Amino acid sequence: MGDLGAGFRFLVKGQRWVGEHGRWFGFGLLPGAVSLLVYAGALVALAWGGGDAVSWATPFADDWASPWQGLFRDGMTVLLFALGLFLAVITFTAVTLLIGQPFYEALSEAVERAESGDGVVPESGLPWWREILVSVKNSLYVLVRVVIWGVVLFALGFVPVLGQTVVPVIGFCVSGFYLTQELTAVAMERRRVGAREQLAWLKGRRLMALGFGVPLTLAFLVPVVAIFLMPGAVAGATLMARAREEESAAGPSGIAGPGAPAAGAAVPPPAGAARPVPAPAPPSGRPDGT
């Protein structure tokens, strides 16, 4: 359970970081505001026309007697909106990150510069257009998996009892996991870590990913909250990516990586370097040389 708490602490640290750097907090609000307006309009349209869409898609229920027709179609409308809301929560970060790529990249770099101590920020070495292509490719790689999960959970929602209890919990966990991946991708891609490697690392630290992403997913369900939490979420995910880099350098369980000297061991000089010449022995066996 330690990883679960660690993930939540990264989220809190990120919010604290942008709180202490107000300029970057305001800078990071802009992309989230644009995305929220787009998604709010889409969800309102779905709520307004969802009933008509379900009626069009279920002509076989036209002759059903009351109240079964209404109960069935109302239930399908609720499930359709729930699926739309699930996909909105999952894809909100990906779309916002694409819209706000320059904003969040600058924010993430500011976190790295402040936390590194020497002001050094990792660079991918790719031109800006290649970075955008890599980001889109990674987002699509993840989005395919998210859509598959969404379809499976939507289908399981029809199972009595299970669909109303266990499935929503699984849905929030899936949302939180992939939300964490999307946020850490900003700093990971700067380190040339692809989506496949990102997911592999997060699966190995699943509880930490859930501790970071699930509270954020729940908070994103409250209108407008997503805008104000997104800058801190990017900052916290950057801190998590830095921790992953330090963890990789240290090796599993904090053990030094391959080839690294053990603690307290003498470090051999690099190849080709001049070796120290031992001092000549004293002329006699006595310590003072007499």
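Student: What share of the contacts in the protein with a separation of 6 or more comes from residues 24 or more positions apart?
Tutor: Good place to start! This is a predicted model, where local features need pLDDT of at least 70 and side-chain atom pairs count only at pLDDT 80 or more, while totals for chains, interfaces and linings use all residues. Residues are numbered from 1 along each chain as its sequence is written, and side-chain values use heavy atoms, with hydrogens and water left out. A contact means heavy atoms within 4.5 Å; among those with a separation of 6 or more, the share from residues 24 or more positions apart is 77%.

Student: How many helices and strands does the protein have?
Tutor: Both are DSSP runs numbered from the N terminus: helices are H or I with at least four residues, and strands are E with at least two. From the N terminus on, the elements run α-α-α-α-α-α-α-α-α. The count is 9 helices and 0 strands.

Student: What percentage of the residues is buried?
Tutor: Buried means under 20% relative accessible area, exposed means over 50%, and partly exposed lies in between, using a 1.4 Å probe and protein chains only. Of the 290 residues in the protein, the buried ones make up 38%.

Student: Where on helix α7 do its buried residues lie?
Tutor: Helix α7 covers residues 195-204, and its buried residues are A195, Q198, L199, W201 and L202. The arc is that of the directions from the helix axis to the C-beta atoms. Seen down the axis of α7, the buried residues fall within an arc of 165 degrees, so they line one face of the helix.

Student: Which exposed residues sit on the face of α7 turned away from its buried side?
Tutor: Look at the helix from the side facing away from A195, Q198, L199, W201 and L202, which are buried. The exposed residues carried there are R196 and G204.

Student: Is α7 roughly parallel or roughly perpendicular to α8?
Tutor: Axes are lines fitted to C-alpha atoms, for helices over the stretch in contact, with angles from 0 to 180 degrees between N-to-C directions. The axes of α7 and α8 (residues 206-220) come within 4 Å and cross at roughly 95 degrees. Angles under 35 degrees count as roughly parallel, over 145 as roughly antiparallel, 65 to 115 as roughly perpendicular and the rest as oblique, so α7 and α8 are roughly perpendicular.

Student: Which residues of α7 and α8 make the contact?
Tutor: On the α8 side, R206, M208 and A209 take part. On the α7 side, the residues are W201, L202, K203 and G204.

Student: Is S108 buried or exposed?
Tutor: S108 lies in helix α4, residues 101-116. Leaving out residues up to four places away in sequence, S108 touches V186, A187, R190, V234 and T238. Its relative accessible area is 0%, so S108 is buried.

Student: What is the phi of V161?
Tutor: V161 sits in the loop between α5 (128-156) and α6 (162-190), and at 60% relative accessibility V161 counts as exposed. V161 is not a glycine, yet its phi is positive, at about 65 degrees.
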